[in-house]
Amino acid sequence: SDVAFGSDGTVYVLCGAAIQKRSFEDDDLGPMGIPAGNGNAVWPVQMIKDSREHLYVSYEAQHRITAFTTDGELVDSWGEHGTEDGRLDRPSGIAFDPDENMFVSDTQNHRVQKFTKDGKFLAGWGHRGHGDGEFEMPWGIAVDELGDVYVSDWGNHRVQKLTADGEHVMTIGRHGSGNGEFDGPAGIEVDSDGDIYVADWRNDRVQ
């Protein structure tokens, strides 16, 4: 469901409950070895890497974020199910800002939340709706070099761009199959030129 890249060229592939290691030339380097019995390997969604080469994975069914070393050692695990600030309901997309604070698509709470890497709640915004800054099951999330946040607003079939403080900047797309339209947008990323890449899930394409 996702990949992350180590500074040494290793490719980490999130594949079901496991993480596989491969070289950039696609040589199989074996499984990473997730610690058994930690109760976290249920419905993983996204994986990102920090500057220390730690891998962070969002687990939808566990309502948690878990961090591992690239050797599979458990570093940290945080998150509790609920609707209050700092609690999660089926988190999906995760992304670091330039300061390595983590933005989380809190999907079933229809909002975005911001945490430190060790799970301290910093801020949150959004609720269920169709207006600017409102969400319907947000999924993918990305942060650009300036700290602006991009959210795949899955149920509203659009992408929203927000400031780091949650202020609405612009909306891209609407429901459909034409150019610039979406049907269940999921993964999202922004490159160094500011171009936005969206996995347009039900249209079976990337825009």
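This is a predicted model: local features need pLDDT of at least 70, side-chain atom pairs count only at pLDDT 80 or more; totals for chains, interfaces and linings use all residues.
Residues are classed as buried under 20% relative accessible area, as exposed over 50%, and as partly exposed in between. By this scale Arg 128 counts as exposed, because its relative accessibility is 54%.

A search of the whole structure finds 15 salt bridges. Side chains of opposite charge can pair when their charged atoms come close. In one of these pairs, the side chains of Arg 128 and Glu 136 meet with an N to O separation of 2.8 Å. The two partners fall into separate classes of accessibility: Arg 128 is exposed at 54%, whereas Glu 136 is buried, with a relative accessible area of 13%. The salt bridge between Arg 158 and Asp 153 has an N to O separation of 2.7 Å, and both of these residues are buried. Glu 84 forms a salt bridge with Arg 87, in which the closest N and O atoms are 3.7 Å apart. Here Glu 84 is partly exposed, with a relative accessible area of 46%, and Arg 87 also counts as partly exposed, at 31%.

Salt bridges that share partners also occur: Asp 50, Arg 52, Glu 100 and Lys 117 are joined by them into one network. Lys 117 is classed as buried because its relative accessible area is 18%, a value under the 20% cut-off. A polar contact of 3.0 Å links the side chain of Lys 117 to that of Asp 50. Beyond residues up to four places away in sequence, Lys 117 touches Asp 50, Arg 52 and Glu 100, together with Tyr 56, Asp 76, Trp 78 and Phe 96.

Arg 22 is placed in strand S3 (residues 18-22) and counts as partly exposed, at 25% relative accessibility. Its side chain makes a polar contact of 2.7 Å with the side chain of Asp 26. When residues up to four places away in sequence are set aside, the contacts of Arg 22 are Gly 9, Thr 10, Val 11, Val 13, Asp 27, Asp 28 and Leu 29. Arg 22 and Arg 90 are separated by 68 residues in sequence and by 29 Å in space, C-alpha to C-alpha.

On the surface, Val 3, Phe 5 and Phe 24 form a nonpolar patch whose accessible area is about 320 Å² together. Val 3 belongs to strand S1 (residues 2-5) and is partly exposed, with a relative accessibility of 38%.

Methods
Residues are numbered from 1 along each chain as its sequence is written. Side-chain values use heavy atoms; hydrogens and water are left out. Patches are made of residues with over 30% relative accessible area and no salt bridge: like charges are joined within 9 Å, nonpolar side chains (Val, Leu, Ile, Met, Phe, Trp, Tyr) within 5 Å. Accessible areas come from the Shrake-Rupley method with a 1.4 Å probe; for residues, only the protein chains shown count as cover. A salt bridge is a side-chain nitrogen of Lys or Arg within 4 Å of a carboxyl oxygen of Asp or Glu. Helices (H or I, at least four residues) and strands (E, at least two) are DSSP runs, numbered from the N terminus. Buried means under 20% relative accessible area, exposed over 50%, partly exposed in between (1.4 Å probe, protein chains only). Contact means heavy atoms within 4.5 Å. A polar contact is a pair of N or O atoms within 3.5 Å; within protein, one must be able to donate a hydrogen and the other to accept it, and residues adjacent in sequence count only if both atoms are side-chain atoms.
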